[in-house]
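Here is a short report to read alongside the model. Keep the viewer open as you go.

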Amino acid sequence: PTMAGDSILESGGELFIDARDADGDMLDLAKDKTISVALPCKNPANDMKLFKGEELANNGFDWIENTDASCTIEPTDSMYLIYVNFLGWVNVDRYTGNCNGGGCGGLVCGSNKTNVILYYNNLNPGDSTIVFLIFPDHLSAVKAELKTGITSQFFIAKGIPVGQEIIIFALTYSANYTYYMDEYTTEITKN
């Protein structure tokens, strides 16, 4: 998902930087050292920021804006030159759909937002389903959270901008080792 807390991000690309010794044990980057990476991109934007990936206890994921001055990003004609002082997930993003972080990417800044609730009828005991709302024009995706109601299970995605085209993408791994995929394109409207 392309989220920083409750803020939707537009991605310029992400990568995982890892270093291990001969035994396969993870290494750390030496203090006061940086790693440089060239991340190819067709149309690099000037208002991108660096984010560090943080895995959450509930198997979720969050992008935290990196404010360390030794970590920088330089857009060129065909790539982002990234300099970071840490290992792990790195994402080149900009805030969209709000103005919390300054630049507002492709989604409308300050737009009306709504919660999207998706009832998915094919949930069976033992199945594992994930649902994403994908913004195809803005290189962004939001993971919907599974909730259990009194009579049914449903997915909810909060703070989705109204008036945006989205692709609802659901992937189910069934107890009999089979994958099922559903995809549906629609536009978000406020009820």
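Which residue in β7 does P75 stand opposite? P75 faces Y80 there.

Before going further, some ground rules. This is a predicted model, where local features need pLDDT of at least 70, side-chain atom pairs count only at pLDDT 80 or more, and totals for chains, interfaces and linings use all residues. Residues are numbered from 1 along each chain as its sequence is written, and side-chain values use heavy atoms, with hydrogens and water left out.

Strands here are DSSP E runs of at least two residues, numbered from the N terminus, and two of them pair if DSSP finds at least two bridges between them.

Zoom out and you get an open sheet of three strands, ordered β3-β7-β6, with antiparallel pairing. Its edges are β3 and β6 (72-75), each of which pairs on one side only. On average, neighbouring strands in this sheet are turned by 20 degrees against each other, direction ignored. For that angle, the axes are lines fitted to C-alpha atoms, and angles run from 0 to 180 degrees between N-to-C directions.

Now look at β8 (residues 88-96). Eight of its nine residues are buried, so the strand is largely enclosed by the rest of the structure. Buried means under 20% relative accessible area, exposed means over 50%, and partly exposed is in between (1.4 Å probe, protein chains only).

Strand β2 (residues 7-17) runs antiparallel to β8, and nine bridges join the two. Strand β4 (residues 49-55) is antiparallel to β8 as well, with four bridges. If you want pairs to click on, E10 has R94 in β8 as its bridge partner, while F51 has N91 in β8.

How many salt bridges does the structure hold? There are four, each being a side-chain nitrogen of Lys or Arg within 4 Å of a carboxyl oxygen of Asp or Glu. One of them joins R94 and E10, whose closest N and O atoms are 3.3 Å apart. That pair links distant parts of the chain, with R94 in strand β8 and E10 in strand β2, 84 residues apart. Both residues of the R94 and E10 pair are buried.

R94 also meets D47 in a salt bridge, at 2.9 Å from N to O. This pair spans 47 residues, from D47 in the loop between β3 (35-40) and β4 to R94 in strand β8. D47 is partly exposed at 28% relative accessible area, whereas R94 is buried at 17%. Shared partners join E10, D47 and R94 into one salt-bridge network.

Elsewhere, D18 and R20 form a salt bridge of 2.8 Å, N to O. D18 is partly exposed at 34%, and R20 is partly exposed at 46%.

## A tyrosine patch

Finally, check the surface around Y173, Y177 and Y179, which form a nonpolar patch with about 410 Å² of accessible area together. Such patches take residues with over 30% relative accessible area and no salt bridge, joining like charges within 9 Å and nonpolar side chains (Val, Leu, Ile, Met, Phe, Trp, Tyr) within 5 Å. The areas come from the Shrake-Rupley method with a 1.4 Å probe, and for residues only the protein chains shown count as cover. Y173 itself lies in strand β13 (residues 165-173).
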